[in-house]
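Hi everyone, thanks for coming.

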Amino acid sequence: QVQLVESGGGLVQAGGSLRLSCAASGNIFSVNTMGWYRQAPGKQRELVASVATGDTINYSDSVKGRFTISRDNAKNTVYLQMNSLKSEDTALYYCNADIRLPFRASDNNIWGQGTQVTVSS
């Protein structure tokens, strides 16, 4: 069974930093695009940042210049360094990945369970 396990959320004051981690585990052939999404209460889930296997990176406009996404392919892990946090960054953050299982022709899109980030003003 393939799963994504997130860690690193918590409570931080505005202006502070947090680092989220997400590791893919299980019977994996390859991990392709990995990313972070977030969902605040009463709002839709939105993309925060993503990184493809060729290191093509996308950020939402709201986090550009403050957040940095990176990945360690040897560990099937993606990170999100969040600096200069604002109260509007408060949300449940989800890891997402396109994972190829052995002997499969296409990727499975997998979600993590979510980790809470709360920024106090």
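A search of the whole structure turns up two aromatic pairs. Please keep in mind that this is a predicted model.

Let's take the pair of tyrosine 37 and tryptophan 111. Their ring centres are 5.0 Å apart and their planes meet at 65°, so we call this pair edge-to-face; the angle cut-off for that label is over 60 degrees. Where do tyrosine 37 and tryptophan 111 sit? Tyrosine 37 is in strand S4, while tryptophan 111 belongs to strand S10, residues 108-111, so the pair ties together parts that are 74 residues apart in sequence.

The reason is the cut-off: buried means under 20%, and exposed means over 50%.

Tryptophan 111 also forms an edge-to-face pair with tyrosine 94, with 6.3 Å from centre to centre and 90° between the planes. Tyrosine 94 lies in strand S9 and tryptophan 111 in strand S10, so here the parts tied together are 17 residues apart in sequence. Tyrosine 94 has a relative accessibility of 12%, so it counts as buried. Put together, Tyr37, Tyr94 and Trp111 make one aromatic cluster.

Arginine 45 lies over the face of tyrosine 94, 3.8 Å from the ring centre. Arginine 45 lies over the face of tryptophan 111 as well, at 4.5 Å from that ring centre.

On to the core. The largest nonpolar core contains 31 residues, and Trp36, Leu80, Met82, Tyr93 and Ile99 have the most contacts inside it. Strands that give two or more residues to this core include S3 (18-25), S4 (30-39), S5 (46-51) and S11 (115-120). Which strand gives the most? That would be S9, with five residues. As for isoleucine 99, its contacts beyond four places in sequence include Val2, Leu4, Ala24 and Ile110.

Now for serine 50, which is found in strand S5. This serine is buried, with a relative accessible area of 11%. Setting aside neighbours within four places in sequence, serine 50 is in contact with Thr33, Met34, Gly35, Thr56, Ile57, Asn58 and Ile69.

Ile69 brings us to S7, where the side chains alternate. S7 runs antiparallel to S8, and six bridges join them.

Last stop, glycine 9, in the loop between strand S1 (3-7) and strand S2 (10-13). Its relative accessible area is 33%, which makes glycine 9 partly exposed. What does glycine 9 touch, beyond residues up to four places away in sequence? The partners are Leu20, Thr115, Gln116 and Val117. Glycine 9 and threonine 115 are 106 residues apart along the chain, yet their C-alpha atoms are separated by 5.4 Å.

That's my tour, and I'm happy to go back to any of these spots.

Definitions and conventions: Residues are numbered from 1 along each chain as its sequence is written. This is a predicted model: local features need pLDDT of at least 70, side-chain atom pairs count only at pLDDT 80 or more; totals for chains, interfaces and linings use all residues. Side-chain values use heavy atoms; hydrogens and water are left out. Helices (H or I, at least four residues) and strands (E, at least two) are DSSP runs, numbered from the N terminus. Buried means under 20% relative accessible area, exposed over 50%, partly exposed in between (1.4 Å probe, protein chains only). Contact means heavy atoms within 4.5 Å. A nonpolar core is a set of buried Ala, Val, Leu, Ile, Met, Phe, Trp, Tyr and Cys residues joined through side-chain atoms within 4.5 Å. Rings of Phe, Tyr and Trp (its six-membered ring) pair if their centres lie within 6.5 Å; planes under 30 degrees apart count as stacked, over 60 as edge-to-face and the rest as tilted. A charge sits over a ring if NZ of Lys or CZ of Arg is within 6 Å of the ring centre and within 35 degrees of the ring normal. Two strands pair if DSSP finds at least two bridges between them.
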